[in-house]
Amino acid sequence: LLPNTDPLDKVTIIPRGQALGATEQIPGEERHNLSESYLRDRIGVMLGGRISEKLIFGEFSSGAEEDLKQATRLARHMVSHWGMSEKIGPVVFRRGEEHIFLGREMTQQKDFSEHTAQIIDDEIHALVHGIEEKITELLKTHRPQLEALAGALLEKETLEAAEIQAIIEAKPQAIQ
């Protein structure tokens, strides 16, 4: 349902590591440059499970923690590294430096004010919240397909791309 993201390969509810399930996507092409529409849809995929929980069960669980971390990290890069915020504009604000050999971000003194930091935080929140609203509406509109996917996953635990596509393309009245 998100045309700018990588094609779906499979979805599973089998826990792996800390993940309680996974959505696997395989890029259709090698990417060296990421468009804003692609990044927004990637965040949408990351938020999909959490939003589905809220729609189906009426509340959130702690299961989406890693997805939220990744979505926030990606949104932060969009706003503060890649100039994808109207309010911030085409400038870079780094809070730390990524060290390849250490594999983590090292704290450095930031080169911007607390006021600018608040604007960056507000923009990140607005970006993720806006995508969350879009995905919520999309899942509400396609709730019969969501419920059919959930039922099929409970039955088989893992669905391949063709099975997922068949469920999504099925007519709502045919889904039971």
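At what angle do helix α4 and helix α5 pack, and how far apart are their axes? In this predicted model, where local features need pLDDT of at least 70 and side-chain atom pairs count only at pLDDT 80 or more, while totals for chains, interfaces and linings use all residues, helix α4 (residues 143–156) and helix α5 (residues 161–169) pack at an angle of about 145 degrees, with axes 9 Å apart. Residues are numbered from 1 along each chain as its sequence is written, and side-chain values use heavy atoms, with hydrogens and water left out. Axes are lines fitted to C-alpha atoms, for helices over the stretch in contact, and angles run from 0 to 180 degrees between N-to-C directions.

The crossing of α4 and α5 is right-handed; a crossing is right-handed if the near helix is turned clockwise from the far one by less than a right angle, and left-handed if anticlockwise. On the α4 side the contact (heavy atoms within 4.5 Å) is made by Gln145, Ala148, Leu149, Ala152 and Lys156, and on the α5 side by Glu163, Ile164, Ile167 and Ile168. These residues divide into six nonpolar, one polar and two charged, where Ala, Val, Leu, Ile, Met, Phe, Trp, Tyr, Cys and Pro count as nonpolar, Asp, Glu, Lys and Arg as charged, and the others, Gly among them, as polar.

Turning to the whole chain, the secondary structure comes to five helices and five strands, running β-β-α-α-β-β-α-α-β-α from the N terminus. Helices (H or I, at least four residues) and strands (E, at least two) are DSSP runs, numbered from the N terminus. Of the 176 residues, 31% count as buried, that is, under 20% relative accessible area with a 1.4 Å probe and protein chains only; over 50% is exposed, and partly exposed lies in between.

Helix α1 (residues 36–57) packs against helix α2 (residues 65–80) at about 160 degrees, with the axes 9 Å apart. The pair is therefore roughly antiparallel, a label for angles over 145 degrees, with under 35 counting as roughly parallel, 65 to 115 as roughly perpendicular and the rest as oblique. This crossing is left-handed. Among the residues making the contact are Leu39, Ile43 and Leu47 of α1 and Leu68, Leu74 and Met78 of α2; the contact residues divide into nine nonpolar, one polar and five charged.

With α3, α1 packs at about 60 degrees and an axis separation of 8 Å, so α1 is oblique to α3. The crossing here is right-handed, and the contact residues divide into nine nonpolar, four polar and six charged.

The largest nonpolar core has 26 residues, with Ile43, Leu47 and Ile120 having the most contacts inside it. A nonpolar core is a set of buried Ala, Val, Leu, Ile, Met, Phe, Trp, Tyr and Cys residues joined through side-chain atoms within 4.5 Å. Helices α1, α2 and α3 (114–141) each supply at least two residues of this core, and the largest share, eight residues, comes from α3. Not counting residues up to four places away in sequence, Ile43 touches Ala71, Leu74, Ala75, Met78 and Ile131. A second, separate core of eight residues includes Ala148, Leu149, Ala152 and Ile164.

Serine 85 sits in the loop between α2 and β3 (96–99) and counts as buried because its relative accessibility is 6%. Beyond four places in sequence, Serine 85 touches Val79 and Glu123.
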